[in-house]
Amino acid sequence: MALNINSLLIHGGIDGDETTGAVNVPIYQTSTYKQDGLGEDRGWEYSRTGNPTRAALEKLIADLENGKYGLAFASGLAAISTVLSLFESGDKLVVSDNIYGGTFRILDNVFKNFNITYEIVNTSDIEAVKAALTDEVKAVYIETPANPLLTITDIKAVSDVAHEKGKKVIVDNTFLTPYLQRPLNLGADIVVHSGTKYLGGHSDVVSGFIIVNDKETADRLYYLQNAIGGVLGPFDSFLMIRGIKTLGVRMDRHVENALKVAKHLESHSAVTKVYYPGLLSSPGYEVNKKQTDGPGAMISFELGDEYDVKKFFKGLKLVTLAESLGGVESLVCHPASMTHAAIPKEIRDEVGITEGLIRLSVGIENVNDIIEDIDSAIAFAKR
Ligand SMILES: Cc1ncc(COP(=O)(O)O)c(C=O)c1O
């Protein structure tokens, strides 16, 4: 029976424990497995290579993304660095112009040292993507909505032009999760996630995922997962399965709250800019509507010059100043000095990650409380 996503979240992957009937997948807290004789293991050898709790989660994330193969990692960046390890010296990637700072950092300060280079492109401009697809380019790496300006890239359009020239498409689906967007269905080849965010949902686990359909890519990724070793532990795998069960109800509330907060900010006299793909005024509104089941709950905005951003953060009482996003609690951050500090100032200025930019991860608290807290912090921030 083909399950809808809300049922898959609860029953996808490996549903419970076949041996005992336990409704939850057990935590196989073991590093190794008894072998009955030389060459006679029972399907499990060593927990870097494979662990039943992790395997249940890996099957679950593959089911959710409508992919054949899923792999779980100790962080989003462990997943991303494993994907980047598919490439070789001389290869080049075309990368969206506002991506998570840590992704930029690993490209610029780690993989570049191995002569895997990148070009930053506004991937929402399909002609710009086309023009960048030179011979040495092997893949296009996109985030949509991108972090932190929520820029939207048309996944199908990019996949079409990339595939025409034999390039792969990698999509970071952290901001929307498979509940709202399934990039493999739109033509992408590889999906990555920071599971730390909405998938886990409770700000208590750091994790990452890769999902693919192609067997050859999957085999190489399993090889790299074992060879590099940044795997997710059994207890964290259990917590991720537990978190994912409520992803649907959480995302519905996240989006409902975010729409109200974004509309409120848009009409607020102190706010000069609001970035949220769910607003009709957003340049990415139509494409996002076409390719997703919702705009997510990440909003960025700027206050006018007569407001002091530092004081705004100090004035918040409910919304918490912290790195990260996607938890049940509302979090706020200052991309220029926090999540995107690894990106050189010239690039930040060029793409619009200004000193005044505030990024808000709208949680699932009562929305009136969130709005009241933001309003009183704005009033406090007036110079
Ligand atoms: C869009 C995006 N991708 C990847 C990452 C990296 O994930 P992690 O922090 O789990 O390593 C983050 C972290 O903030 C992110 O926001």
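Tutor: Val328 sits in the loop between strand S10 (320–321) and strand S11 (331–333), where strands (E, at least two residues) and helices (H or I, at least four) are DSSP runs numbered from the N terminus. This is a predicted model, in which local features need pLDDT of at least 70 and side-chain atom pairs count only at pLDDT 80 or more, while totals for chains, interfaces and linings use all residues. Residues are numbered from 1 along each chain as its sequence is written, and side-chain values use heavy atoms, with hydrogens and water left out.

With a relative accessible area of 24%, Val328 is partly exposed, a term for values between buried (under 20%) and exposed (over 50%), computed with a 1.4 Å probe on protein chains only. Leaving aside neighbours within four places in sequence, Val328 is in contact with Gly201, His202, Arg250, His254, Gly363, Ile364 and Glu365, contact meaning heavy atoms within 4.5 Å.

Turning to side-chain pairs, a search of the whole structure finds 14 salt bridges, each a side-chain nitrogen of Lys or Arg within 4 Å of a carboxyl oxygen of Asp or Glu. One of them joins Lys92 and Glu119, whose closest N and O atoms are 3.3 Å apart; this pair links distant parts of the chain, with Lys92 in strand S2 (residues 92–96) and Glu119 in strand S3 (residues 117–121), 27 residues apart. Lys92 is buried at 15% relative accessible area, whereas Glu119 is partly exposed at 31%.
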